[in-house]
Amino acid sequence: AGEAGGRPYLVLELVAGGTLAALLENGPLPHASVLRIAAETAGALSAVHRMRLVHRDIKPGNLRITPSKRVKLIDFDLATWVDEPADDDVVTGTMIYSAPEQTSMFARPVDGRADLYALGVVIFECVTGRPPFTAADPGELLRLHAAEPELHRSARKRDWIAAAHSFAADHMNLARGKLLAVTLGAVVPAAARIAPRPRSLVKTT
């Protein structure tokens, strides 16, 4: 940021590639790609949360995949400080991915856990090809996020957890591993039950 000729300017990184949302238009992703995307997003969130910030709009459209298959977290327009008072009458974020407390359903502050909830929804969509909850009526969508019980567990959960542990041991530090473990632990039981066979169009390195 600076000023030139009496006019302020802000220099931003030009991130090549496309969004995760564009990739998901073709259906579920391969398991290895999902784990890598989840791990890199968890790493970015770990850095954001150490600054006591909450992104508040984690969704496929805000995760950009570079040509080298790296994940870039973008769009901090809705980010806020953890301790900043929230307006109880304002819904922030994208409702399909937002945690219940972020939609003013519960009288409690929004912190980094809301970002992890949204990441869990994103992972679910990566695995199954669709978000866990959809509804034409906003009120019904809020109710589903707050009250819908977890889907039945599946034996496929073991395969996912084993793969996640192996990936974490090889590629992640402890903080990122904990974030991914918490998120996968909540998402995998439901996603594994209904996940179709993943496609193999996205290569990982």
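Visitor: What makes the span of α2 close to the expected one?

Guide: Keep in mind that this is a predicted model. The expected span is 1.5 Å times one less than the number of residues. With 20 residues, α2 comes out at 28 Å expected, and the model puts 28 Å between its first and last C-alpha.

Visitor: How do you know that α2 is mostly covered?

Guide: Count its residues: 14 of the 20 are buried, where buried means under 20% relative accessible area. Take A39, which sits in helix α2. A39 has 0% relative accessibility, so A39 counts as buried. The C-alpha of A39 is 9.3 Å from that of V71, 32 residues away along the chain.

Visitor: What happens just after α2?

Guide: R52 takes a positive phi there, about 60 degrees.

Visitor: Moving on to α3, how do you know its length agrees with its residue count?

Guide: Its 17 residues should span 24 Å at 1.5 Å a residue, and the end C-alpha atoms are 25 Å apart, so the two agree.

Visitor: And why is α3 called largely enclosed?

Guide: Because 15 of its 17 residues are buried. Just after α3 there is again a positive phi, about 90 degrees, at G129.

Visitor: What makes a group of residues a nonpolar core?

Guide: The members have to be buried, come from the nonpolar set (Cys is included), and be joined through side-chain atoms within 4.5 Å. The largest such core has 24 residues, with L20, L29, I58, V122 and C126 touching the most other members. At least two residues each come from α1 (20–24), α2 (31–50), β5 (63–65), β6 (71–73) and α3 (112–128). The largest share is from α3, with 8 residues.

Visitor: R56 is an arginine; why is R56 called buried?

Guide: The cut-off is under 20%, and R56 has 16% relative accessibility, so R56 counts as buried. R56 lies in the loop between β4 (53–54) and β5. Its side chain reaches the backbone oxygen of L78 at 2.6 Å.

Visitor: How confident is the predictor, going by pLDDT?

Guide: The chain averages 76, and 67% of the residues score at least 70. Over residues 171–178 the pLDDT is below 50, with 11 contacts in the model beyond near neighbours in sequence. Residues 186–205 also have pLDDT below 50, and that stretch has 53 such contacts in the model.

Visitor: Why not read those coordinates in detail?

Guide: Because low pLDDT means that predicted coordinates should not be read that way.

Methods: Residues numbered from 1 in each chain as written. Predicted model: local features only at pLDDT ≥ 70, side-chain atom pairs only at ≥ 80, totals over all residues. Heavy atoms only, no water. Buried < 20%, exposed > 50% of the residue type's maximum accessible area, 1.4 Å probe, protein only. Helix = DSSP H or I, 4+ residues; strand = E, 2+ residues; numbered from the N terminus. pLDDT = per-residue confidence, 0-100. Contact = heavy atoms within 4.5 Å. Polar contact = N/O pair within 3.5 Å; in protein donor to acceptor, adjacent residues only side chain to side chain.
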